[in-house]
Amino acid sequence: MISALLSYEFLQNAFLAGIIIGLIAPLLGLFIVVRRLALIADALSHVALAGIAGSLYLSQQVLLFSALNPVYFGIGAAVGGSLLIEKLRSVYKHYEELAIPVILSGGIGLGAIFISLSQGFSADLIGYLFGSVSAVSRQDLLVVVVIAIIVTLFIYLFYKELFVLSFDAEYSKVSGVNSRFIQLSFMVVTALVIGASMRIVGILLVSSLMTVPVAAAMQIAKSFKQAMIYSVVLGELAVIIGLVSAFYLDIAPGGTIVMTSIFLLLIVIGWKKIRGEKKVLLKKGEAA
Amino acid sequence: MNKTLIELEDIHFRYEQRIVLENIHLKVQEGEFWALIGPNGSGKSTLINIILGLLKPNHGTVKLFGEDIEHFHKRELIGYVSQKSNSFNSGFPATVLEVVRSGLTRKKGLLKRFTKADEQIAMDALKTVKMDAFSGKNIGELSGGQQQRVFIARALAGKPKLLVMDEPTVGIDQQNVASFYTMLNELNREYGIAILLVTHEIDLVTELASHVACLNRSIHFHGVQADYERMGDEAISKWYGHPVRRLHQSEGGTSE
């Protein structure tokens, strides 16, 4: 594995991109989960599917489009979808959650049309749906690096605003925090993370890398800072173990990454349960 | 002369065709402790939302610290505590200190990170509400009364001149309610923080407040606490909409 990693550029690209995604997806995912917006990542990834499918169809029809990286279309569509969700949320003030199924089904619908027009699933599209170890180019890696810089800067600079908005949106508004700006930027940054992650994890599984490590971290974290650290550690573990197994089994990494993160979640839940039972037994022993 | 912190002039508000508030005039001045009382559906929370800028009145003007609300930007001068159940997810992975420190967000300004000094300010605010021993605890592990003290500490962290509270004792047991109000009284007397407290309780709070406003769509009484005490239960029952009898602390609590 190590020698293959040193010899093949595509493997280096996949591992570097994976490690970066293992950092930014759970980092942003924590804010998504605590704000109970987990389905937004799903909606945006399906809009990204429409962008990718549209790009693959256009590249069949117009020569000019075949020179453009479909990832850009996926990212563009996800960003557009994020702005549309925000617009719909403001239209349906009392039913904000309606925006998510509308955009999600719109993304799938548009994707299905483009896939049908392109006469079915190509190997390329399967790679985008479930991720691929071999398909990450230097250009893709560069896109991931640029997006990672934007995301980490955003979280670093707006950490306190993101925290107060996530913990108590009403208080955030009343206390004069520019919630609208933060919310809009947050949605765009979420779309960017989905765009960056889809090459490795796949469009259909990207939201799980943003939520499953966070779900495990929240079981054991006492503070927000701890939740952030545990989420990233568990995300990185899932990506590295998932990529290595995908390489040896010669299968799509999306599945192995997600299954590893679910396995880690089960371990954390089991460990917490055993620890809880031990504490009860100790207390009973002390009382006796 | 005391500075006017809140000034409401001829406020009218309606949801579609239903009139919720009409002809509201109210002035809250520096150092005063106002209890805004009224039955359920009397428009108390709507009025608070108008004062906080979350709702716009159909008619009338709102001035905060002498400035029209549209041009008022010193939000850190106002601390806000809402009904606990409305605004907070008890499974949120945050410590008490992290929550209180978040009260400094607006004051710090954009692009600035929290420092050790901010942590100390948050600890001082926790000391004020006697919750400093819980700073490292997860917020969800505390009782309702303790959580509300933490939210007051969050509001105090920015060193506000005015605390606005919308039924902060909802969901807190009666024993803790009394000590909660005593703490508010101390904040008002010792630190000079003006308080506007919305409640549907008509006796316990009003014994502590310096001023009382009675709201049921319009303001039926507003003035100093002594005048409110002199008002008969019959007069209160009339604007309240159903018979009420006030109990005093010596009689053991609150009634409607």
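Two strands pair if DSSP finds at least two bridges between them. The model shown here is predicted.

**View 1. The hairpin of β9(B) and β10(B) in close-up.** Strand β10 covers residues 218-224 of chain B. Strands β9(B) and β10(B) run antiparallel and are joined by 6 bridges. Within this pairing, B:L215 stands opposite B:I219 of β10(B). The hairpin has 1 residue between its strands. At the hairpin, B:R217 adopts a positive phi near 75 degrees.

**View 2. Strand β9(B) beside strand β3(B).** Strand β3 spans residues 33-37 of chain B. Its pairing with β9(B) is parallel and counts 4 bridges.

**View 3. The side of chain B that touches chain A.** Contacts link 20 residues of chain B with 21 residues of chain A. Two helices of chain B, α3 (96-101) and α4 (105-108), each supply at least two residues of this side. The largest share comes from α4(B), with 3 residues. By residue class, this side of chain B has 10 nonpolar, 6 polar and 4 charged residues.

Conventions. Residues numbered from 1 in each chain as written. Chains lettered and ligands numbered in written order. Predicted model: local features only at pLDDT ≥ 70, side-chain atom pairs only at ≥ 80, totals over all residues. Contact = placed C-beta atoms within 7 Å. Nonpolar A, V, L, I, M, F, W, Y, C, P; charged D, E, K, R; others polar.
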